[in-house]
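Please open the structure in your viewer and display the whole chain. The tour begins with the chain as a whole and then turns to a single residue.

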Amino acid sequence: MTTFRIAPSILSADFARLGEEVRNVIAAGADIIHFDVMDNHYVPNLTIGPLVCQAIRPHVQAPIDVHLMVKPVDRIIPDFAKAGADIITFHPEASEHIDRTLQLIKDNGCKAGLVFNPATPLHYLDHVMDKLDMILIMSVNPGFGGQSFIDEALKKVALARRRIQDSGRDILLEVDGGIKVENIRAVAEAGADTFVAGSAIFGKPDYQEVIAAMRAELAKVGQ
Ligand code: DX5
Ligand code: ZN
């Protein structure tokens with residue numbers, strides 16, 4: 001049976017109380033902290049960097065999943081590894097040398113992943129499957145929380161799942177953008193095992209209630 005993981009995106013958390021927010025969301029049943037890094041260059045928004053990752057690190061044992069929406073990518077990777085990141089993902093269009101960037105993440109002791117924007121083809125996976133620990137399919141265009149899920153992403157999730165199966169490797173398949181209680185089951189049935197949700201969790205007063213509702217939907221997968 002698939003282990004499903006819920007990864008709240010702290011983009012929608014209260015940044016003035018970030019330590020408390022990450023503790024609360026993990027206590028409410030989340031598995032992974034999704035950490036969105038935006039540079040006002042690769043994406044039209046500016047968020048948080050390694051100092052903030054380092055600041056929240058002592059607050060939770062859960063893995064921190066750093067989603068880099070920055071260009072260039074390589075220079076910042078060792079800083080995030082030192083700041084306590086467990087998983088680092090990046091967009092292939094943002095790196096001049098994708099294989100080198102993946103290796104750099106691994107050489108810094110982190111798990112590595114590639115992120116696919118809604119219109120980015122999966123062919124970037126062709127020659128790097130052996131270096132991947134995660135594939136992240138974007139179901140919105142990156143840059144902002146609270147956008148609507150793009151249904152076309154479901155087909156891409158299914159294609160990515162097939163590639164993972166064919167590889168025989170243990171690679172997480174994460175989906176990011178517009179995930180909520182109402183659609184999480186469909187995303188899981190398409191083949192995802194890890195679900196990023198920002199506004200759907202941090203936008204609600206009771207994190208435990210929404211995470212439990214998501215898990216109840218995930219329990220119906222395959223029924
Ligand atoms: C978008 C970010 C997402 C975002 C998701 O660029 O990568 O992680 O925070 O937010 P929601 O769940 O609100 O769509
Ligand atoms: Zn993200």
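The model shown here is predicted.

Next, colour the residues by burial. Of the 223 residues of the chain, 53% count as buried.

Now return to a cartoon view, in which eight helices and eight strands can be traced. Along the principal axes, the C-alpha atoms fill a box of roughly 45 × 40 × 30 Å. A compact globule of 223 residues would have a radius of gyration near 17 Å, and the value for the chain, 16 Å, agrees with this. Among contacts between residues at least 6 apart in sequence, 63% join residues at least 24 apart.

Finally, select Ser9, which is found in the loop between β1 (5-8) and α1 (18-27). Is Ser9 buried or exposed? Its relative accessible area is 5%, and because buried means under 20%, Ser9 is buried.

Which residues does Ser9 touch, not counting those up to four places away in sequence? Display His34, Asp36, Val196, Ala197, Gly198 and Phe202, which are its contacts under that condition. Asp36 deserves a separate selection: a polar contact of 2.7 Å joins the side chains of Ser9 and Asp36.

Technical notes
Residues numbered from 1 in each chain as written. Chains lettered and ligands numbered in written order. Predicted model: local features only at pLDDT ≥ 70, side-chain atom pairs only at ≥ 80, totals over all residues. Heavy atoms only, no water. Helix = DSSP H or I, 4+ residues; strand = E, 2+ residues; numbered from the N terminus. Rg over C-alpha atoms; globule rule 2.2 N^0.38 Å. Buried < 20%, exposed > 50% of the residue type's maximum accessible area, 1.4 Å probe, protein only. Contact = heavy atoms within 4.5 Å. Polar contact = N/O pair within 3.5 Å; in protein donor to acceptor, adjacent residues only side chain to side chain.
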